[in-house]
Amino acid sequence: MGIYQTSSYNAAIYCRLSKDDEQAGESVSIQTQRMMLEKYCQDQGFPIYGVYADDGYSGLNFDRPDFQRLLTDIDDGKINLVITKDLSRLGRDYIQTGYYTDIYFSRKKVRYIAVNDGVDTNKDDNDIAPFKNILNDMYAKDLSRKVKSAKRQRAYSGYYISAQPPYGYKVNPINRNQLIVDDEPAAVVKDMFRLALAGNSTILITKILTERKVLVPALYKAQNGDTRFERYNNGKDGDDIFRWCNVTVQQILKNRVYTGDMENHKFEVANYKTKERVKVPKDRRIIVENTHEAIVSHEDFDRVQELVRMRHKPKQHNFDNVFKSLVFCADCGSRMTFEIKSRKYRKREILTCRYHFRYPEKCPHYNYIYYQNLYDTVLECIQRVAQGIESGDLIRRIRSQAMKQSKRDKLEAERAKIQKRLGALGKITRKLYEDYACDLLDTDSYHKMLNDYQQEQKQLTGRSGVIQNELDKKDEYAENLQKLSEVIGAYLDVETLTANMLNQLIERIEIGHPVKADGTTQQEINIIYRFVGTTL
């Protein structure tokens, strides 16, 4: 740790408060931290360049707005002294916090002081700092576990624990763990379910609500005093405040809360450091029945769910398109549209890429193919592959692939060796940091050794990815080719195509741009077969 003596300091006061810290009361509030640190700077004679405060941000998250602004000012040479109330205000992830206190500030020649912890990088008695960082990290992990447990218990009790009430309800002012009906939006919700029961699609319901000039949920909440939605008051005007979204209507019609049941634990935090939220499968969610007044009956709700599942777009023609959902544009990858065009008293079926007309810069060619041409080409290809089964050509390819198993074994052995070495390097780098934190290594040696190990990790990780890609290409190829041969064996004497046959055999068909030359039209047609994921 470097000692930087200077007669002139530009001090930065950094304050942080997470939502969990708010439970500790006034002693850790942003205002209290600021007052304490300003007095400390006054007593020590440190001129304050600026105050940086992140209110409501976890100590495990270093992507905080004012912390990033602080780093920018340090990089620009505006600050050479950073002061916090204690180490936990800087962060609670001991590896990241240790990086800033031991490496980053040292490289930037910035002095760091944590007042209550007695940490000052201009002094040599900071041995306790790494252990403080570890304790702060353990505190964050323990707090995360306790918060999860408390929320789960409240969920099992049928309490309302989400951040905001669903549209149609409001929080009971007497018991904030319970929902009560909000009459005005509840009437809209009832009308939405009534329209759905009458057979209307969600798109049509969205259009009806917009035409009736019903306030969208966010605007309704903002105009009824919910400050969390205040931004919508400023961003929408005119008819926009009545323009409903189809996704919103779908979410309301699928939300079980309107039957009077409380459904909690829809999402969970996978890692206490990253705070990443993942969706919880329906069978693992916590459901408590009859916790509040229902807006719709269970019978109506279940019937709407059934109608939503059964609803489909009406057919505009009676033509049996056996390639439905299988044909894609080779340029942009979008699904091609089936149409029936009438020209001079003649109707012709055609598949076209409509994406070209909307975004010509992304799909430069007008790719199309006449249905009958595609039908004849695909039928001919399937017949050729079926003949390959009879002649034994496919079987020979399967055996040839199996002979390459020895190379696969070598790749797997190399990958296992790399994984073992990567595990060892992880332990080595952690031990390296611990030795450095305990002053068993000087700064230059630590940085050199750490850089060497990180370079080795990078090279090994890259090689491991290459091996995995090779294995993925080879993995189960022979077995899948065998499956395809068994399926296509049922169509050895195929003369006509059916949708069921094509869906069993083909993953997708890619259509290229037709090019006319010498009086003929050349066009690339790639048939990607199932199981093998490639052309044959």
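What follows starts at a helix, moves to its neighbours, and ends at a loop.

This is a predicted model. Begin with helix α7, which spans residues 202–211. Its buried residues are Thr-202, Ile-205, Thr-206, Ile-208 and Leu-209. They span an arc of only 165° around the axis, so they sit on the same side of α7. The spacing fits a general rule. An α-helix has 3.6 residues a turn, so residues three or four places apart point the same way. Now look at the face of α7 turned away from the buried side. That face carries the exposed residues Ile-203, Lys-207 and Glu-211. Just after α7, Lys-213 takes a positive phi of about 60°.

What lies over the buried side? The cover of the buried residues of α7 includes α6 (183–197) and α10 (246–254).

Thr-202 belongs to α7. Its relative accessible area is 12%. Buried means under 20%, so Thr-202 counts as buried. Beyond its neighbours within four places in sequence, Thr-202 is in contact with Asn-246, Val-249, Gln-250 and Leu-253. With Asn-246 there is also a polar contact, side chain to side chain, at 2.9 Å.

Next, turn to the two covering helices themselves. How do the axes of α6 and α10 cross? They come within 10 Å, and the crossing angle is roughly 90°. That makes α6 roughly perpendicular to α10. On the α6 side, the contact is made by Val-189, Met-192, Phe-193 and Ala-196. On the α10 side, Val-249, Ile-252 and Leu-253 take part. By class, this contact has seven nonpolar residues, no polar ones and no charged ones.

Finally, move to the loop between β12 (327–329) and β13 (337–343), where Gly-333 lies. Is Gly-333 buried or partly exposed? Its relative accessible area is 35%, so Gly-333 is partly exposed. Setting aside residues up to four places away in sequence, Gly-333 touches Phe-328 and Arg-508. Glu-510 is 177 residues from Gly-333 along the chain, yet the C-alpha atoms of the two are separated by 8.0 Å.

Definitions and conventions. Residues numbered from 1 in each chain as written. Predicted model: local features only at pLDDT ≥ 70, side-chain atom pairs only at ≥ 80, totals over all residues. Heavy atoms only, no water. Helix = DSSP H or I, 4+ residues; strand = E, 2+ residues; numbered from the N terminus. Buried < 20%, exposed > 50% of the residue type's maximum accessible area, 1.4 Å probe, protein only. Contact = heavy atoms within 4.5 Å. Arc of directions from axis to C-beta. Polar contact = N/O pair within 3.5 Å; in protein donor to acceptor, adjacent residues only side chain to side chain. Axes fitted to C-alpha atoms, helices over the stretch in contact; angles between N-to-C directions. Parallel < 35°, antiparallel > 145°, perpendicular 65-115°, else oblique. Nonpolar A, V, L, I, M, F, W, Y, C, P; charged D, E, K, R; others polar.
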